[in-house]
Number of protein chains: 2
Amino acid sequence: MKCTVCRGPAEIRVPRHNTKFCIPHFREHILRQVKRSIRKYEMFGHSERVLLSVSGGKDSMALWKALIELGYQVEGLHINNGFGSFSEESEKAVRSFSERQGAPVHIYRFQELAGYPFETMLRYTHMPPCSLCGTAKRYLSNRIAVEGGYDALASGHNLDDETAFLLGNLLHGQTGYLQRQSPVLPAEPGLVRKSKPLVRLTDRDMSLYAQVEEIPYHGGQCPHARKVMSHFHKEVMNYVSDHSPGTKGSFYFGFVDKLQPLLSGSAGADGGEQEEVNYCTVCGYKTTRRGKCKWCELKETVAREEGAHADGGRNH
Amino acid sequence: MKCTVCRGPAEIRVPRHNTKFCIPHFREHILRQVKRSIRKYEMFGHSERVLLSVSGGKDSMALWKALIELGYQVEGLHINNGFGSFSEESEKAVRSFSERQGAPVHIYRFQELAGYPFETMLRYTHMPPCSLCGTAKRYLSNRIAVEGGYDALASGHNLDDETAFLLGNLLHGQTGYLQRQSPVLPAEPGLVRKSKPLVRLTDRDMSLYAQVEEIPYHGGQCPHARKVMSHFHKEVMNYVSDHSPGTKGSFYFGFVDKLQPLLSGSAGADGGEQEEVNYCTVCGYKTTRRGKCKWCELKETVAREEGAHADGGRNH
């Protein structure tokens, strides 16, 4: 097996691109794919300050390394959810990488940002844990990025995450999500620009890159992540892609480059599907709702329920 | 197991609708689903003349029966491709049903409509057989319907066919097909209205209905149908739907009712994606091409190649 670039001994095969690489050219390949996504979708420039959400898992940690290698001004943002040893191990990986690379990082505990521990919010909101975590992280990381004056917020969602999400939204007719699913969402008042520089790379690519670069990451599974639909959709996409390599890319980029612009264009054109622009009456941040944003409403629910329980505990 | 409607003994379970039926109420269920599609998408009315493409397979034969039961003015159209015993058995099923029901039918041989046997066109056009058959049937059945003054042309494509096609087009970024994929395509000059009354019913539903109604059909597989991608996409959709029943419907109707209108609307709005309207310089029928339509071009290719072979046979 020979490296497609230098014809030296290859160690890594990338079937999706029908190529083989030696270690140095695999590194180059990963960085080229990241750079290509950043440029094509105008995610951010070298003079901009980028805040990267780092969970401690392979994708965000590997992206952190790639952005440093590519010379971007990146700082990490880690929110520790307090899920016992899983969260402790994740934070440890983040701190260890930050120290080794001398990379700036901002670490918070969920409770100090939200005002309540995650498990308390889970109990009183009755939300599925992944929804609560997603809602919290979207709100909190945007607010931290806006208040810190960052130009862009980046995340480690890769092609496998995005195709699984896209498939799920298509299978279940989630038109709203489909209109917003894009590698980059431009800034709006109160909303920082959001980007996903790993859309051209898969789970496997990122595992290999993390290994090759000896990046510390926490490989454990989130204790709440069992049986989520996104795992099933990833499994379906892997099955499809094993049958015909390259399908993840044609599916995702066919959608975001060709269909998605027609959808958002259409929404803008007739106005009927366009979201209303509102600002939360509590925190002042942008929301698609009237009155309170979802996050502020959740916090009020928790405050109310917690008060009721403290007053005599009607429920057990 | 009790019938959801009458509480009598049920014989058929329909997991997608979370219901069970006795035989008479299963019949009713099928007819209700067909009627619902016809009305919702304004496919045709009771005073209109409908031409139904009947292959001799379970779907089109069962739809024929359902349209008769629902009192529509339907006539069958069968084109015998000349694929040996497969085609002979198919035509036999069509004739047998027509005689039993006293249902009008128009039967043609491929060669008398196309001017060449199917296998000759296949050899000289180098098209995959399913593409050639699709191109031929679309062209010929439209022309027969237009010249016969029919108000609508119907086909037996069911929810499994449509979701497999939709999935394939999404996975491979076929925006053009996605913009036209709809349960009904309105008439245009030279194009009859086209409709798919089985979009709310699956392969399994139609097999059961054909069995219950003792409809003669040819269950054999087309000799050219091996290893086509649509089988793989059906398999994927069945896997998804076994995991979460009802997904085929939410996928298909989410697309055609919510996304598809945005796509065609958008194409119309900016004009950039709208197809040019042209008429074939040979046959005069509508085409998306300039000059000759695809069908007339194929026939010219065959005429030219066949001539060259008769003149001395450059290729073997």
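Mentor: Buried means under 20% relative accessible area. Keep that cut-off in mind. This is a predicted model.

Trainee: Is R193(B) buried or exposed?

Mentor: R193(B) has a relative accessible area of 17%, so this residue is buried. You will find R193(B) in strand β8 of chain B, residues 193-195.

Trainee: Which backbone oxygen does the side chain of R193(B) reach?

Mentor: That of M43(B), at 2.8 Å. Now look at what else surrounds this arginine. Leaving aside neighbours within four places in sequence, R193(B) is in contact with several residues, among them E42(B), F44(B), E48(B) and D151(B). The list also includes V184(B), L185(B) and P186(B).

Trainee: How do I read a sheet?

Mentor: Start with the general idea. Strands of a sheet pair through backbone hydrogen bonds, either parallel or antiparallel. Then trace the order of the strands. In chain B, an open sheet of 6 strands runs β5-β4-β3-β6-β8-β7. The pairing in that sheet is mixed.

Trainee: Which strands of chain B stand at the edges, and why is one side of each left without a neighbour?

Mentor: The edge strands are β5 (105-109) and β7 (184-185) of chain B. Each has a single partner strand, so one side has no neighbour in the sheet.

Trainee: How many bridges join β3 to β4 in chain B?

Mentor: There are 5, and the two strands run parallel. In chain B, β3 covers residues 49-53 and β4 covers residues 73-80. L52(B) stands opposite G76(B) in β4(B).

Trainee: And in chain A, in which sense do β3 and β4 pair?

Mentor: They pair in the parallel sense, over 5 bridges. Find V50(A): the bridge partner of this valine is V74(A), in β4(A). Check the covering of that strand too. In β4(A), 7 of the 8 residues are buried.

Trainee: Next, the interface. How is its size given?

Mentor: The size of an interface is often given as the accessible area lost when the parts come together. Here, the area buried between chain A and chain B is about 2600 Å². Carbon and sulfur atoms give 74% of that area. Three residues, L171(A), L259(A) and L262(A), supply 23% of the area that chain A buries against chain B, more than any other three residues.

Trainee: How many residues does the contact take from each chain?

Mentor: It takes 27 residues from chain A and 27 residues from chain B.

Trainee: How many salt bridges and polar contacts lie between the chains?

Mentor: The count of salt bridges between chain A and chain B is 0. For polar contact, the rule finds 8 residue pairs across the interface.

Trainee: Which helices of chain A each supply at least two residues to the side that touches chain B?

Mentor: Look for α7 (159-171), α8 (175-180), α10 (229-243) and α11 (247-270) of chain A. The largest share, 9 residues, comes from α11(A). By class, this side of chain A has 14 nonpolar, 10 polar and 3 charged residues.

Trainee: Which residue forms a salt bridge with E300(B)?

Mentor: K292(B) does, with the closest N and O atoms 3.4 Å apart. E300(B) counts as partly exposed at 34% relative accessibility, and K292(B) counts as partly exposed at 28%. Salt bridges can also share partners: in chain A they join K58(A), D59(A), D161(A), D203(A) and K234(A) into one network.

Terms used: Residues are numbered from 1 along each chain as its sequence is written. Chains are lettered from A and ligands numbered from 1 in the order in which they are written. This is a predicted model: local features need pLDDT of at least 70, side-chain atom pairs count only at pLDDT 80 or more; totals for chains, interfaces and linings use all residues. Side-chain values use heavy atoms; hydrogens and water are left out. Contact means heavy atoms within 4.5 Å. Buried area is the accessible area (1.4 Å probe) that two parts lose on being put together, summed over both. A salt bridge is a side-chain nitrogen of Lys or Arg within 4 Å of a carboxyl oxygen of Asp or Glu. A polar contact is a pair of N or O atoms within 3.5 Å; within protein, one must be able to donate a hydrogen and the other to accept it, and residues adjacent in sequence count only if both atoms are side-chain atoms. Helices (H or I, at least four residues) and strands (E, at least two) are DSSP runs, numbered from the N terminus. Ala, Val, Leu, Ile, Met, Phe, Trp, Tyr, Cys and Pro count as nonpolar, Asp, Glu, Lys and Arg as charged, and the others, Gly among them, as polar. Buried means under 20% relative accessible area, exposed over 50%, partly exposed in between (1.4 Å probe, protein chains only). Two strands pair if DSSP finds at least two bridges between them.
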